[in-house]
Amino acid sequence: MTDSLLEVVETGSNDARFLIALDIDGTVLLEDESLSPGAADAVSAAVEAGHIVTIATGRSWLSTRKVVEWLGISPELIVTANGATIMARDESAPEGYVRDVVETFDATEVLTQLEKHLPEANFLVELGDGTRLYNNFVDDWDLSAPNAHHVDVDEMKGREVTRVVVVSDEHAGDDFAVFVESMGLQQVSYAVGWSAWLDIAPQGIDKSTALEQVRERLGMDPRRVIVIGDGRNDIQMLDWARAGGGEGVVMGQAIDEVRVHGTRVTSTVHEGGVAAALEALGVTAR
């Protein structure tokens with residue numbers, strides 16, 4: 001596609017908006033949870049120009065909500081838990097959003113298998129109502145909230161969950177990806193992060209499946225979609241955007257395994273990659 005999508009997309013309608021879906025970690029946020037340079041201003045400019053900016057993240061709603069506030073956006077629909085949960089705006093709700101779509105699976109089999117291969121790992125499951133159960137404290141899990149409970153792994157079994165998160169201190173990055181692949185996990189979808197981080201979702205569920213629901217419900221043409229991400233759990237949504245004729249933007253620090261799925265690569269998160277991409281695509285023009 002040319003540098004500006006605004007110059008080339010013809011939808012046959014008067015809707016000039018774009019649906020822009022942003023990953024959080026490594027895309028909107030740096031490691032210290034500060035915003036990528038220029039991200040907030042670029043998002044604000046895109047919204048003021050009439051575009052829809054939303055989030056598509058592996059995070060829970062609890063840790064997503066604050067990022068939505070930092071960006072100053074209030075989209076109708078937000079994708080969390082790697083596509084297992086879609087939050088819908090509801091002004092009458094205490095947090096302004098309600099769980100509109102929740103996909104779950106029985107965690108028993110996968111937890112049993114993971115325990116066998118990773119007996120020293122840290123496990124967390126998230127229930128459909130947002131309650132989180134964990135066996136060991138991990139800083140990145142933000143477990144200070146009242147809906148997080150310390151339990152034994154056996155107490156996580158037999159429950160319907162939106163996701164299972166596994167952190168193994170004994171593994172790192174690509175080695176962990178190879179190790180997880182060798183387990184042959186069945187009946188689930190999963191993605192391995194940069195570190196020894198594994199996210200497991202219901203089978204057939206990922207960011208792209210949820211974003212397709214969002215796109216359809218908002219009545220957006222697939223060619224008027226822009227997604228921006230950096231990790232392995234963004235691969236499906238990058239493919240989805242590209243297949244529909246939209247833009248799949250990959251952050252500059254992404255590994256080659258992710259880069260090949262995008263339509264273009266922007267600068268790194270530290271260099272303000274989101275802001276640079278939105279400007280290059282012409283969606284921040286007022």
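Predicted model: local features only at pLDDT ≥ 70, side-chain atom pairs only at ≥ 80, totals over all residues.
Trainee: How many aromatic pairs does a search of the whole structure find?

Mentor: The search finds 2 aromatic pairs. One of them is formed by Trp-61 and Tyr-97, with 5.1 Å from centre to centre and 55 degrees between the planes.

Trainee: What makes Trp-61 and Tyr-97 a pair, and why is it called tilted?

Mentor: Ring centres must lie within 6.5 Å to pair, and planes count as stacked under 30 degrees and as edge-to-face over 60, with the rest tilted. Here the centres are 5.1 Å apart and the planes make 55 degrees, so Trp-61 and Tyr-97 are a tilted pair.

Trainee: Which parts does this pair tie together?

Mentor: Trp-61 lies in helix α2 (residues 61-71) and Tyr-97 in strand β5 (residues 97-102), so the pair joins parts that are 36 residues apart in sequence.

Trainee: How do you know whether Trp-61 and Tyr-97 are buried or exposed?

Mentor: Buried means under 20% relative accessible area. Trp-61 has 3%, so it is buried. Tyr-97 has 9%, so Tyr-97 is buried too.

Trainee: And what makes the pair of Trp-141 and Trp-197 edge-to-face?

Mentor: Its planes are 75 degrees apart, and over 60 counts as edge-to-face; the centres, 6.4 Å apart, are within the 6.5 Å limit, so both conditions hold. This pair links distant parts of the chain: Trp-141 is in the loop between β8 (132-134) and β9 (148-150), while Trp-197 is in strand β12 (residues 197-202), 56 residues away. Trp-141 has 5% relative accessibility, so it counts as buried.

Trainee: How do you know that the charge of Arg-224 sits over the ring of Phe-18?

Mentor: The charged end of Arg-224 is 4.4 Å from the ring centre of Phe-18 and sits over that ring. The distance limit is within 6 Å, and the direction must be within 35 degrees of the ring normal.

Trainee: Back to α2: why can its buried residues be said to line one face?

Mentor: The buried residues are Trp-61, Ser-63, Thr-64, Val-67, Val-68 and Leu-71. Seen down the helix axis they fall within an arc of 160 degrees, so they line one face of α2. They pack against several elements, including α1, β2 (52-55) and β5. Just after α2, Gly-72 has a positive phi of about 70 degrees.

Trainee: Which residues are buried in helix α8 (residues 273-280)?

Mentor: Gly-273, Val-274, Ala-275, Ala-277 and Leu-278 are buried there. Among the elements that cover them are β1 (19-22) and β13 (225-229).

Terms used. Residues numbered from 1 in each chain as written. Heavy atoms only, no water. Phe/Tyr/Trp six-rings, centres within 6.5 Å; stacked < 30°, edge-to-face > 60°. Helix = DSSP H or I, 4+ residues; strand = E, 2+ residues; numbered from the N terminus. Buried < 20%, exposed > 50% of the residue type's maximum accessible area, 1.4 Å probe, protein only. Contact = heavy atoms within 4.5 Å. Arc of directions from axis to C-beta.
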